[in-house]
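This report describes the fold, the surface and selected side-chain contacts of one protein chain. The sequence and the structure are shown below, and the text that follows should be read alongside them.

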Amino acid sequence: MSSICWNCQGLGNPCIVNTLQKKFLEEDPILVFIIETKFEVLEMASIKRKLERQQGLVVPSVRRGGGLALLWKSSTRVDVQTYSPRHIDAIVIELSSCFRWRITGFYGHSDTHKSNDSWKLLTSLHHRFQLPWLCLKDFNEIILMVEKWGGVQRSQHQMDGFRNAINYCNFRDLGYNGSEFTWCNMRERFDKIYMPLDRALATDE
């Protein structure tokens, strides 16, 4: 079973939608988690048709900010358990084997003074089910200073909060292929900052 997670930074741009459609044709993912849709629920209806993923849950944006969507193929059973502007938590049942596992699409606070709220949410989700668990996307935090290039040093206390949440949930980082950085502030020269803010975390199971 395959999945795609995408920070689209707004689905109002036809080029973004075309890129998603192309990626879907290449990968044919069962599950899709999209963040920063910047769309209302009704606006997402046309996107779901274009992506041929009519099943799913949409968390609407607030004043054109944020917005989440978890979409899946009609041949797959997904039971959404909880959701908020910061997460969608669901149980996936693979019909061929009746195997049950859990996926959580997560979108951490970008405001550093609210990061503890993100880790409280993550640790509270840990208690809900004892199933193999995949948690992924944009946590907006790093765990080691060497993961950051440019700008001022990250607060050790801030990084420890994220690391403690990962350990509490018994997660392992699945790693990835590609650039060592997944985010850039898009500024010039000495003001430019790079960090790996996107991760896929999973329990051993």
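## Burial and overall fold

Of the 205 residues of the protein chain, 45% count as buried. The coordinates are those of a predicted model, and every value reported here is computed from it.

The secondary structure of the chain comprises 4 helices and 12 strands. The radius of gyration is 17 Å, close to the 17 Å given by the globule rule for 205 residues, so the chain is as compact as a globular protein of that length. The C-alpha trace spans about 45 × 40 × 30 Å along its principal axes. When contacts between residues at least 6 apart in sequence are considered, 58% of them join residues at least 24 apart.

## Surface and charge

The protein chain exposes about 11,400 Å², and carbon and sulfur atoms supply 50% of that area. Its side chains include 26 positive and 23 negative groups. The centres of these two sets lie 4 Å apart.

## Aromatic pairs

The structure holds 6 aromatic pairs. One of them joins Trp119 and Phe162, whose rings are stacked, at 4.6 Å centre to centre and with 20 degrees between the planes. This pair links distant parts of the chain: Trp119 belongs to helix α3 (residues 115–126) and Phe162 to helix α4 (residues 156–168), 43 residues apart. Both partners are buried by the criterion of under 20% relative accessible area: the value is 6% for Trp119 and 0% for Phe162.

A further pair is formed by Phe181 and Tyr194, which are tilted, with 5.5 Å between ring centres and 35 degrees between the planes. Phe181 lies in the loop between β9 (172–173) and β10 (183–184), whereas Tyr194 lies in strand β11 (residues 194–195), so the pair ties together parts that are 13 residues apart in sequence. Phe181 counts as buried because its relative accessible area is 19%, under the 20% limit. Tyr194, at 27% relative accessibility, counts as partly exposed.

Ring pairs also link Phe106, Trp119, Phe139 and Phe162 into a cluster. The stacked rings of Trp119 and Phe162 therefore belong to this cluster.

## Surroundings of Leu134

Leu134 is located in strand β8 (residues 133–138). With a relative accessible area of 15%, Leu134 is buried. Leaving aside residues up to four places away in sequence, Leu134 touches Trp101, Arg102, Ile103, Thr104, Leu174, Leu201 and Ala202.

The position of Leu134 may also be given relative to Arg172: the two are 38 residues apart in sequence, and their C-alpha atoms are 9.7 Å apart in space.

## Surroundings of Thr203

Thr203 is found in the segment that follows β12 (198–202). Thr203 has a relative accessible area of 14% and is therefore buried. Which residues does Thr203 touch, not counting those up to four places away in sequence? They are Leu131, Pro132, Trp133, Cys169, Asn170 and Phe171.

One of these contacts, Trp133, falls within strand β8 (residues 133–138), the strand that also holds Leu134.

How values were computed:
Residues numbered from 1 in each chain as written. Predicted model: local features only at pLDDT ≥ 70, side-chain atom pairs only at ≥ 80, totals over all residues. Heavy atoms only, no water. Helix = DSSP H or I, 4+ residues; strand = E, 2+ residues; numbered from the N terminus. Rg over C-alpha atoms; globule rule 2.2 N^0.38 Å. Buried < 20%, exposed > 50% of the residue type's maximum accessible area, 1.4 Å probe, protein only. Contact = heavy atoms within 4.5 Å. Areas by Shrake-Rupley, 256 points an atom, 1.4 Å probe, with all protein chains shown as cover. Lys, Arg positive; Asp, Glu negative; His and termini not counted. Charge placed at Lys NZ, Arg CZ, Asp CG, Glu CD. Phe/Tyr/Trp six-rings, centres within 6.5 Å; stacked < 30°, edge-to-face > 60°.
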